[in-house]
Amino acid sequence: MGAPRRLAVKLLSAVLRHAPDDSRDWASAMLRELDFIEGDWAALFWAIGSTTAILRRAASVWRLWFKNKTMEGRMNNKGKKALGVGLGMLSALALVGCALATLRIAGLVFPGLDHSPWAYWLAVMAIPEAIFVAATVMLWRKKGPVAAGILATALVVALHVAVHLTLHW
Amino acid sequence: MKLRLSPQTVLILDAFLEQPADWKYGYDISRNTGLKSGTLYPILMRLAERSLLETMWEPGEPGKPPRHMYRFTPDGLRFARANAAAGTAGSIGQQVALNRMKGWLFY
């Protein structure tokens with residue numbers, strides 16, 4: 001048994017162990033089919049596809065559960081919009097956090113980079129703001145509240161930079 | 001009976017229609033239709049949930065785990081025939097060839 005096939009068996013065995021009860025039969029069926037697949041790489045691709053199928057099924061079950069049983073199901077329209085705006089802001093802030101962390105890590109690899117004003121403005125201001133604008137445009141029609149949250153964060157970050165420039169330059 | 005009839009679902013229904021009374025294995029359906037497991041199994045799951053497919057574990061050789069098999073229920077057969085008659089099947093051969101070509105490209 002080649003390494004890709006061993007990996008395929010391990011992957012599907014792990015999926016079978018952790019699959020929700022209603023997907024366990026399916027995961028077991030996918031694992032069993034591995035014995036009949038010629039080619040180690042084909043077996044690995046089979047396992048990856050099967051894992052995706054089980055994950056998608058679990059995700060759809062959780063999404064349904066969340067909609068029906070939890071706060072989203074009981075929320076009125078205002079609550080859902082507020083949740084969307086909050087999610088948008090949280091995602092945008094997470095992106096800024098990631099940008100800052102990336103800059104710090106880059107500073108460890110290339111000393112002095114994180115103190116360079118250009119690198120700082122590019123990583124923390126220009127790139128995230130461009131992503132915020134693109135995300136707002138893309139999400140505006142389908143996920144308006146989330147787009148509004150992202151836009152609000154973009155404006156706050158831009159305002160913060162403007163105040164910083166006014167005070168220090 | 002609400003079921004989104006994507007070209008891939010139509011392909012699978014068509015594969016079952018070839019010999020509707022026979023039990024089929026997942027990997028064999030994948031080979032015959034050119035669909036990858038990540039596409040095939042969600043469709044099989046949906047068909048089984050809607051009672052269009054029945055599933056069974058085939059007892060294997062001693063010491064080996066059983067194998068999962070699928071075939072149409074009477075409702076499933078009626079549904080597939082109705083859709084085939086309505087002409088939703090389209091150019092199945094072309095779709096299979098396309099799927100296989102995608103498979104070659106990605107392998």
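**Close-up views of a predicted two-chain model**

**View 1. The open sheet of chain B.** In chain B, three strands come together as an open sheet with antiparallel pairing, and their order across the sheet is β1-β3-β2. The edges of this sheet are formed by β1 (24–25) and β2 (53–58) of chain B, each of which pairs on one side only.

**View 2. Where β1 meets β3 in chain B.** Strand β3 of chain B, made up of residues 67–72, is joined to β1(B) by two bridges, and these two strands run antiparallel. Within this pairing, Lys24(B) is found opposite Tyr70(B), a residue of β3(B).

**View 3. Two packed helices of chain A.** Helix α1 (residues 3–18) and helix α2 (residues 24–33) of chain A pack with their axes 9 Å apart and at an angle of about 165 degrees. Angles over 145 degrees count as roughly antiparallel, and α1(A) and α2(A) are therefore roughly antiparallel to each other. On the side of α1(A), the contact is made by Leu12(A), Ser13(A), Val15(A) and Leu16(A), while α2(A) contributes Arg24(A), Ala27(A), Ser28(A), Met30(A) and Leu31(A). Sorted by class, this contact between α1(A) and α2(A) has six nonpolar residues, two polar residues and one charged residue.

**View 4. The meeting of chains A and B.** Here 13 residues of chain B are in contact with 16 residues of chain A. On the side of chain B that touches chain A, at least two residues come from each of α2 (26–33), α3 (37–49) and β3 of chain B, and α3(B) gives the most, with five residues. The residues on this side of chain B divide into seven nonpolar, four polar and two charged.

Key:
Residues are numbered from 1 along each chain as its sequence is written. Chains are lettered from A and ligands numbered from 1 in the order in which they are written. This is a predicted model: local features need pLDDT of at least 70, side-chain atom pairs count only at pLDDT 80 or more; totals for chains, interfaces and linings use all residues. Two strands pair if DSSP finds at least two bridges between them. Helices (H or I, at least four residues) and strands (E, at least two) are DSSP runs, numbered from the N terminus. Axes are lines fitted to C-alpha atoms, for helices over the stretch in contact, and angles run from 0 to 180 degrees between N-to-C directions. Angles under 35 degrees count as roughly parallel, over 145 as roughly antiparallel, 65 to 115 as roughly perpendicular and the rest as oblique. Two residues are in contact if their C-beta atoms, placed from the backbone, lie within 7 Å. Ala, Val, Leu, Ile, Met, Phe, Trp, Tyr, Cys and Pro count as nonpolar, Asp, Glu, Lys and Arg as charged, and the others, Gly among them, as polar.
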